[in-house]
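Here are my notes on this one, as numbered points. Have the model open while you read.

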Amino acid sequence: MESWYEVKPSLERGGLGVFASRTILPGTVIMHDPAVMKLELKNVQFTDEEVRDSFNLLSDTDKIRVLKLHEGHRPFITRLMRIYKANSFGAKGFTMLQVDISGVNHSCVPNADRQDDMENDEKTDAANLVAIRTIAKGEEILICYNSNFEGMTVTQRINILDSYYGFRCSCPACALPLKERILSDTRRQLINVLSSKCSGFEPLGLSQLDHLNRQTAENPSMTIGLPQFPLRVALSTAEKTAFKALLAELMQAERLTNVTTANLYREAAYHLMQQMSENRYILVIPSACYVTAWMEKAVKIFSDITGAHSKQTKAIKAQWSNWQRGEQLDLYKYLKLDYLQALSRGKGVGEVFAVHIGETVLNAEGLIGLKIEALSEQMCKTRLREGKGKVRGSIRSP
């Protein structure tokens, strides 16, 4: 099968790069790359001896492949350590070197993603390079070298890349005009706060990265990583809903749309449904609108990134279909809002903000239906305060 990529000089970034040899659609696995070296982080950092011992286990062919890699500029004693540190990727408790993927250049707004390979729901030592948007023939394939970059300003990202990788980023996110850069930095600072809180942690303190340089980068306080602490107060369900929806919107605004973004929309929809279920007999129209919009966005992102017929897309579609069978969303799906609005205005109710779900009744044709009462926003708030959404009561039809 024809390869999806070719390696050739990157005029924009210098050195070699990986380029699409044909149009690549989102969700395509561009390359599958087994790790040639894997080191367990027994302490804060691994040693030259550990890197050398792992290297000595390689075949002669793989040794040559590793030694051809860029070695970076960091002040390690051995060339082998410089190569490993410049090209390896971190995982939980481990670092791994995948030779082919390490040749992919960086962008803070990537078009591809390095993803762990899975087999029977277990991670392997391989990684996949997956397209996260359409990549045109001849376009350079790019990944983001640091997942924390999503929540960092332009200055912080540039300082890290220069200090640890030896280059200054000139991607679209780092080359913005001043006004747009200020807006982007603000969005990314919010992403740092929200993503930390949604993960159960206090936000990372990133201010020290504003003055990072090649000398201070090797201080132990920097190389061991930034400390992160659990949230002092757990998020409420309402906060989880708002934070995850806003975080997803910010990531899309920063052109960082990925599977994580889709899952944020899905989780925001789930948390809002939790709140709706607390008052199961009052359907708040805006809440149902948000749940629907967020799930439609989640489905679209999964479809765009992993493919319309992928296992992930089929799973989220099935989940959304199942959620829509619930009493409130099922009613919302078939509710004729335009008719209800017109009827309510004629009765002086005003704009319909919610409906109170009553008993099942037989209509003139003998069909079973629901008695519903249209509620204005003020009426809805009153009913909710009185707890009337929790117990089915006798209500009049509009």
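1. Contact here means heavy atoms within 4.5 Å. With that cut-off, residues 24 or more positions apart account for 65% of the chain's contacts with a separation of 6 or more. Bear in mind that this is a predicted model, where local features need pLDDT of at least 70, side-chain atom pairs count only at pLDDT 80 or more, and totals for chains, interfaces and linings use all residues. Residues are numbered from 1 along each chain as its sequence is written, and side-chain values use heavy atoms, with hydrogens and water left out.

2. On the overall picture: the C-alpha trace spans about 85 × 50 × 40 Å along its principal axes. The chain has 13 helices and 13 strands, taken as DSSP runs numbered from the N terminus (helices H or I, at least four residues; strands E, at least two). Of the 398 residues, 41% are buried; buried means under 20% relative accessible area, exposed over 50%, and partly exposed in between, with a 1.4 Å probe and protein chains only.

3. How do α8 and α9 pack? Helix α8 (residues 259–277) meets helix α9 (residues 285–306) at an angle of about 155°, and their axes are 8 Å apart. Axes are lines fitted to C-alpha atoms, for helices over the stretch in contact, with angles from 0 to 180 degrees between N-to-C directions. The pair is therefore roughly antiparallel, the label for angles over 145 degrees. Residues making the contact include Tyr265, Leu272 and Met276 of α8 and Trp294, Ile301 and Phe302 of α9. The contact residues divide into 17 nonpolar, 4 polar and 2 charged (nonpolar: Ala, Val, Leu, Ile, Met, Phe, Trp, Tyr, Cys and Pro; charged: Asp, Glu, Lys and Arg; polar: the others, Gly among them).

4. How many disulfides are there? The structure holds 0, where a disulfide is a pair of cysteine sulfur atoms within 2.5 Å. The sulfur of Cys174 has its closest cysteine sulfur in Cys108, at 3.7 Å, too far for a bond. Cys174 is buried, at 10% relative accessible area. For Cys289, the closest cysteine sulfur is in Cys380, 13 Å away, so that is too far for a bond as well. Cys289 is partly exposed, at 32%.

5. Last, have a look at Pro230, in the loop between α6 (220–223) and α7 (237–253). Pro230 is exposed, with 56% relative accessibility. Leaving aside neighbours within four places in sequence, Pro230 is in contact with Gly200, Phe201 and Glu202. Leu212 is 18 residues from Pro230 in sequence, and their C-alpha atoms are 26 Å apart.

Methods:
Angles under 35 degrees count as roughly parallel, over 145 as roughly antiparallel, 65 to 115 as roughly perpendicular and the rest as oblique.
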